[in-house]
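Below are some notes for a colleague who wants to go through the side-chain packing of this model. They are set out as numbered points, to be read with the coordinates open.

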Amino acid sequence: MIRKAKLSDIAQILEIENQSFGADRFNRRQFIYLITKAKGLFLVIENADKILAYISLTDNYRYSFTRLYSIAVHPEARGQKLSEILMERTIEYAEKKHFNYIRLEVRKNNSPAVNLYQKFDFKPVGVKKNYYHDGSDAIVMIKRLREA
């Protein structure tokens, strides 16, 4: 089942976050903000009361885009195409909102994530040097939905 995240999901979301990301992981306060106050969308995939994956989007109406802020899949649920399902929902959401594009940053050496984004027609448009805690660079990617 795919649904909007609730505050009661935070413990399970944090579990996935901690298993997926190192020093760059988000904390409880950041997730509370993303779920309750941020303009955008925060979805989870749940099965039998267990959160398997999540995606967080933040909207920028001024520049007509949504930013894929975070996506992660529980290690035990990887390989089930859950990230692809969440990406499809992201594109549907952005089109429904009439955004011009979807934007994201991804660790340069995260091949599985880069390949996922390329599969959905995201294109690299730049690099952010020393973006991550360990000094790794991020590739900035966008998926254009319509011309501005």
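This is a predicted model: local features need pLDDT of at least 70, side-chain atom pairs count only at pLDDT 80 or more; totals for chains, interfaces and linings use all residues.

1. With a relative accessibility of 18%, Arg67 counts as buried, because the cut-off for that class is under 20%.

2. Which side chains does Arg67 reach through polar contacts? One partner is Glu105, whose side chain is joined to that of Arg67 by a polar contact of 2.7 Å, and another is Tyr131, where the side-chain contact is 3.1 Å. When neighbours within four places in sequence are left aside, the residues in contact with Arg67 are Ser56, Leu57, Thr58, Arg103, Glu105 and Tyr131.

3. On the aromatic side, the structure holds nine aromatic pairs. One of them is formed by Phe31 and Phe42, an edge-to-face arrangement with 6.0 Å centre to centre and 70° between the planes. Since Phe31 lies in helix H2 (residues 28-36) and Phe42 in strand E2 (residues 40-47), the pair ties together parts that are 11 residues apart in sequence. Phe31 and Phe42 are both buried.

4. A stacked pair is found at Phe65 and Tyr101, and it is classed as such because the ring centres are 5.0 Å apart and the planes are at 15°, where under 30 degrees is required. This pair links distant parts of the chain, with Phe65 in strand E4 and Tyr101 in strand E5 (residues 101-107), 36 residues apart. Both Phe65 and Tyr101 are buried.

5. Not counting residues up to four places away in sequence, Ile85 touches Ile2 and Ile45. The C-alpha atoms of Ile85 and Glu46 are separated by 12 Å, these two residues being 39 residues apart along the chain.

Note on methods
Residues are numbered from 1 along each chain as its sequence is written. Side-chain values use heavy atoms; hydrogens and water are left out. Buried means under 20% relative accessible area, exposed over 50%, partly exposed in between (1.4 Å probe, protein chains only). A polar contact is a pair of N or O atoms within 3.5 Å; within protein, one must be able to donate a hydrogen and the other to accept it, and residues adjacent in sequence count only if both atoms are side-chain atoms. Contact means heavy atoms within 4.5 Å. Rings of Phe, Tyr and Trp (its six-membered ring) pair if their centres lie within 6.5 Å; planes under 30 degrees apart count as stacked, over 60 as edge-to-face and the rest as tilted. Helices (H or I, at least four residues) and strands (E, at least two) are DSSP runs, numbered from the N terminus.
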